[in-house]
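Please consider the sequence and the three-dimensional structure shown below. The paragraphs after them are written for a reader who meets this structure for the first time.

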Amino acid sequence: MLPGPSVHDVVVLDRTELARGVILLGFYAPELAAVTSPGQFVMAIPPGGERAATALAIYEAQGERASLLFFVCGARTRELAELRPGDKLSLTGPLGNGFTLESARDVAIVAGGVGIASVLLPAQRLAERGARVRLFYGARNSELLVDRDRFASAGCELCCATDDGSFGHHGFITELLAQTDDKPDLILACGPSPMLRATALVAAELGVRAQLALEETFACGVGGCWGCVVPLDRASVQAPKFPKTGSGDYVHARVCKEGPVFWAHELRW
Amino acid sequence: MVSKVDLSVRIGKLELPYPTLMASGCYGSGEEFEAFADLSKIGAVVLKSVTREPRLGNPMPRLVSTPAGMLNAIGLQNPGIDWYLEHEVAKFAKRPCAVVGSVAAFSVDDYAYVTERLAARAEIAAIELNISCPNVGSEGETFACDPDLTGKVVRAVRAVTDKTLIVKLSPNVTDIAAIAAEAERAGADALAVINTLRGMSIDVHAWKPRLGNLTGGLSGPAIRPVAVLAVYEAARAVSIPIVGQGGIENATDALEFFLAGASAIAIGTANFTDPRIPERIVDELGAYLAARGLQSLRDIVGKANAGFGTPFQYEGDAG
Ligand SMILES: Cc1cc2nc3c(=O)[nH]c(=O)nc-3n(C[C@H](O)[C@H](O)[C@H](O)COP(=O)(O)O)c2cc1C
Ligand code: FES
């Protein structure tokens, strides 16, 4: 059978609390790791079975190990945070269309908060092929700027910002991006939607194309329920092929299926 | 050992090897789940409802999770029947299970028009009439909330197709038995019981409803007791088969519906928890029946329902 997405029964290898309420879970998951591309996600099937599955970005995928990095922010993530090495979990994936890395030579990656979970794979992939990678990383405070070392050792240049000024620039991370003198030739971003909107504006001003990994509430996560849509330019390559409706210049694309990564200039938000 | 048990069901002219349908709007066209579930181990996929004209659907947010369930307000986003017939329907022939079309509309004429065109296609094994969608203003649901309108629309649709017609009822009514009976009189081959319950969730920080559409449809385990009762009451009022649905997550839940009088079940929201649930339910149903020395699922249909008229349920079957 061709390798592709499936339901993977995986075993927890390691669990690290990177900061209070920020969990890194590593799994023995060779098949998942082998087919994951940067920017894709999984639906984590709840161990207790009683809730909807949780969409989580795939943080690392190398050799026999894949990992998930998440903030504990509700019953579902609390349940996942209780897992310990040796515990079993089922992950549906990898899902969605990730980043298109093209042949970019100089890439700015913008990450806010838990958005960091989506950008390690593209950062590693780009750095490995010799591209310059700058990580613009923002969070509420210095403690929540988790796992910076991993990005540094992957070869990224780091620029940080915090809301409270406890580390790096005191303010929004997109302000740092706007101030940059040497323009990247591609911008990738993942984070809360105000940050993504600001990134799109800065990218347009700089005249650089940007790909945004959107965060949205999912039900199915596989394109089956149309619960997670975003308005997309009708002419966009990612737009689902739909006939004209009303004014007809946009369509509703599924964030989980056509996305989660979209070109900023094709979004109609 | 489990394989000796007969789980097959008959819904009108439709013969299915398993009693499990995937609920409309929850399973795409089946293709979306093909990598995660064995579609040859389910009875049928009920497609997302299709309308005469294309629809962009409701504004976001369209989903809110609630205690033991969720609210949705998708708003029947679909490409419209013309596009659907031209670009989508041919693909359904590849599914290893039966494919049931779902039709929604805002007038009797449109129900008949869309049904006639969709039912004419060989890829479509049967038609489910969604006269009970709560997410398109109040108009959509008025059909399933009024016995006369239900009768009118079912008669109009019955006149344009011989294929199996499943009429999907709403729980948002005072007397579901009366509506069920009217649907049967008007020519329905089966009933789907129930669609979602109307509901709302409010953000107390923003002081506004959470859904873009303001109101939505409640599904999942929260609605299961309501659904079981609706099946129980409808089953006493009709002799056509019922596809029970509402919060089914495992074989025990499914058994409640069979015992109340459902001949088959549909699984919607549970697919969002784990796409392996439908296959697990089939295995566990087989094991349950085998453990009791029963040969056929049909033997337990309606057994908790004293008013249930069994002889009618499977006319045409041997024995
Ligand atoms: C996201 C979502 C979309 C739905 N869309 C439709 C639809 O298009 N047509 C329809 O007849 N029912 C639709 N339903 C209702 C389901 O088919 C099903 O009847 C209901 O959700 C109860 O079953 P459940 O609790 O197992 O989900 C939808 C339900 C959900 C959760
Ligand atoms: S979450 Fe179901 S289509 Fe995206």
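The model is a predicted one. Along the principal axes, the C-alpha atoms of chain A occupy a box of roughly 50 × 50 × 35 Å. The radius of gyration of chain A is 18 Å, and this agrees with the value near 18 Å that a compact globule of 269 residues would have. Among the 269 residues of chain A, 51% count as buried.

Within chain A, six strands form a closed barrel. The order of the strands is β1-β2-β5-β4-β3-β6, and the pairing is antiparallel. On average, and with direction ignored, neighbouring strands of this sheet are turned by 45 degrees against each other. One of the pairings can be followed in detail. Strand β3 of chain A, residues 41-45, runs antiparallel to strand β6 of chain A, residues 88-95, and four bridges join the two. Here A:Phe41 stands opposite A:Leu95 of β6(A). Strand β6 of chain A also contains A:Pro94, and the peptide bond that joins A:Gly93 to A:Pro94 is cis, with omega at about -5 degrees.

The next topic is the contact between the two chains. Chain A contributes 27 residues to this contact, and chain B contributes 31 residues. On the side of chain B that touches chain A, the elements that give two or more residues are β5 (63-66), β6 (69-72) and α1 (81-88) of chain B. That side of chain B comprises 16 nonpolar, ten polar and five charged residues.

Which residues are closest to ligand 1? They are B:Ala23, B:Gly25, B:Ser219, B:Gly268 and B:Thr269, within a shell of 29 residues that surround the ligand. The site is shared between chains, because residues from chains A and B surround ligand 1. By class, the shell around ligand 1 has eleven nonpolar, 16 polar and two charged residues.

A cis peptide bond leads from B:Val193 to B:Ile194, with omega near 15 degrees. B:Ile194 is situated in the loop between β10 (190-193) and β11 (197-199) of chain B.

The other two places are residues with a positive phi. B:Leu76 is not a glycine, yet its phi is positive at about 55 degrees. This residue belongs to the loop between β6 and α1 of chain B. Is B:Leu76 buried or exposed? B:Leu76 counts as buried, because it has 23 C-beta neighbours inside 10 Å, where 20 or more are required.

B:Trp207, likewise a residue other than glycine, has a positive phi near 60 degrees. The loop that holds B:Trp207 lies between β12 (202-203) and β13 (208-209) of chain B. B:Trp207 has 7 other C-beta atoms within 10 Å and is therefore exposed, the limit for that class being 12 or fewer.

Technical notes. Residues numbered from 1 in each chain as written. Chains lettered and ligands numbered in written order. Predicted model: local features only at pLDDT ≥ 70, side-chain atom pairs only at ≥ 80, totals over all residues. Contact = placed C-beta atoms within 7 Å. Nonpolar A, V, L, I, M, F, W, Y, C, P; charged D, E, K, R; others polar. Near = placed C-beta within 6 Å. Pairing = 2+ DSSP bridges. Axes fitted to C-alpha atoms, helices over the stretch in contact; angles between N-to-C directions. Rg over C-alpha atoms; globule rule 2.2 N^0.38 Å.
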